[in-house]
Amino acid sequence: MSANVYPVSEETAKGALIDKAKYDAMYKQSVEDPEGFWGEHGKRIDWIKPFTKVKNVSYDPHNLYIKWYEDGTLNVSANCLDRHLATRGDQTAIIFEGDDPSVSEHITYKDLHERVSRFANALKTMGVNKGDRVVIYLPMIPAAAVSMLACARIGAIHSIVFGGFSPEALAGRIEDCGAKVVITADEGLRGGRGVALKRNADEALSHPGVKSVEKLVVVKHTGKDIPWNDARDVWYQDICDAASPDCPPTEVNAEDPLFVLYTSGSTGKPKGVLHTSGGYLVYASMTHQYVFDYHDGDVYWCTADVGWVTGHSYIVYGPLANGATTLMFEGVPSYPDASRFWKVCEKHKVNIFYTAPTAIRALMREGAEWVEKADLSSLRILGSVGEPINPEAWEWYHEHVGKRKCPIVDTWWQTETGGILITPLPGATDLKPGSATLPFFGVEPALLDHEGNELEGATEGSLVIKYSWPGQMRTVYGDHERFIQTYFSTFAGVYTTGDGARRDEDGYYWITGRVDDVINVSGHRMGTAEVESALVAHPKVAEAAVVGVPHDIKGQGIYAYVTLNADEEPSDELRGELVKWVRKEIGPIASPDYIQWSPGLPKTRSGKIMRRILRKIAANEYDQLGDTSTLADPGVVDDLIDNRQNR
Ligand code: PRX
């Protein structure tokens, strides 16, 4: 833990929306009178029919519901587009920066409004109605934002699948949500290389379980030749050109779903996290404004992909609801070279820059000289998200990118939370490298021991959130029971995050990582159970156990212990085959870093795999295995230690 403290500088405090006194006063009001607080801030968005009820929440597992602004009606796309037309129609809404550094485009609010309206009409013509599901499998191009907003405009529910997921993974998500339409592109582009999105989509749609899809909309992006199915496929550009630019926004209830986004848990298949319209938008826009100290005219860049929740809340919905200029970047930090991020900041005079620790660590390794190649004087605020940022990376980011004048907001949150829950506010919070610091308005974190007792003062425990906030997920799509089981059954009466945290003597929170079987690889969340089930689906594999292992750049790597069927011989070739297999089943982000052949796994007498032991061996901490006396066969441990891969 770092001992450095960086107080709010005078420079930052001067222009900031929130200073220390204001944070204290607003936080106090938000927790003492949540109804009053959220009633007032709920008005930051435009309602068609204003709400009269603010909050209606029960965490009782037998009768669990979460409702905010439940009698209000609105349209999310009208909030992100129409309401800005009179005042900022000609302002840039989206700056698109292509993978190829010579490609960029400025899209005004007026233009974006027209694109969204046309595509929304086209979707209607294809029979997409309010409540229908649309899967989006696109690269980071403007059509991704247009597709999201077009769904929102007609009350359809979008579900974005990250372009790095395999056809198998895409098929599973399409099947689970029963999508009527899938939107993809001929190809994506990353670091100069094509990503075969249409081919993957074709493969996913030929999956026997996928029966709901009527149309595949294809954006022409690279112009690559692709196979075509006349009965099913349509070109995005053609249907938009043919559609009317006039599409009145559909009135939806605050609690009507806006999107489903699949994320990994500690067990089973990825779950469809469902977010609704009113509370989500209030929360995304409010956090975007205050956490990034967003001022009118700022150029804001979040480097995430829209396939993750960060892209939903902080590339599209939050910034556009606030009338911001938001940058969408198609490429990768290392292409054409390691100065790309900084060149983009210079080119578009970015004021607020939000990225992930894994990217910072990778760029740090390349050396500060790449940063010095660009003029970063426009930068004012830096952000971090996705995993704990190690103090060394924080200091490097602060010194070389922020030139010691930009505060870093280390934002802790989750797909489930819809928006940022624990974070510094630039003008209000003294910073400690590695700490996400203090709760946002209306958020009451607590630390619990194993029995669920709340711990006071400086301590460490399971991080839970005591009451609801408007951006909270409402259910798991199609499986409300799983929602209750996952988040509200471990501890009674609170939302369980699955993370552990330490609170210091100043009340600052330090997230220590997951306490469940979820791992975080380069900021991508992965269930160990998902990788295990991919491995055991291979015909030569009898059993597999997967754990996270510390990794310099990725934060965590994937370490797999594999037991082969009795008649199979281990070989390097088979190791390669298994890596390829997992990439096919899930996607490249799930590739195991290590595969250890394990004739036996450490199990209790009741057959439960003791992952604690496997984690220690993978991390080379086999001298700290703790008690192994409850193992059915303690002898397997020696063999695992002798054959460990991460020496
Ligand atoms: O473990 C925490 C980690 O990422 C998890 C959530 O992952 P996901 O739903 O994919 O959302 C990522 C983007 C919001 C959390 O349970 N995490 C996220 N942000 C931080 C973090 N861990 C430490 N510090 C953070 N700032």
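Trainee: Which side-chain atom of Asp499 lies 2.7 Å from the ligand, and from what atom there?
Mentor: A polar side-chain atom of Asp499 lies 2.7 Å from an oxygen atom of the ligand. A polar contact is a pair of N or O atoms within 3.5 Å. The protein buries 95% of the 540 Å² that the ligand exposes when taken alone, by the Shrake-Rupley method with a 1.4 Å probe. Keep in mind that this is a predicted model: local features need pLDDT of at least 70, side-chain atom pairs count only at pLDDT 80 or more, and totals for chains, interfaces and linings use all residues. Residues are numbered from 1 along each chain as its sequence is written, and side-chain values use heavy atoms, with hydrogens and water left out.

Trainee: What about the backbone of Thr411 and Gly386?
Mentor: A backbone N or O atom of Thr411 lies 2.7 Å from a nitrogen atom of the ligand. For Gly386, a backbone N or O atom lies 3.1 Å from a ligand nitrogen.

Trainee: New topic. How do β30 and β31 run?
Mentor: Parallel, joined by 4 bridges; strands pair if DSSP finds at least two. Tyr561 stands opposite Gln596 in β31.

Key. Helix = DSSP H or I, 4+ residues; strand = E, 2+ residues; numbered from the N terminus. Polar contact = N/O pair within 3.5 Å; in protein donor to acceptor, adjacent residues only side chain to side chain.
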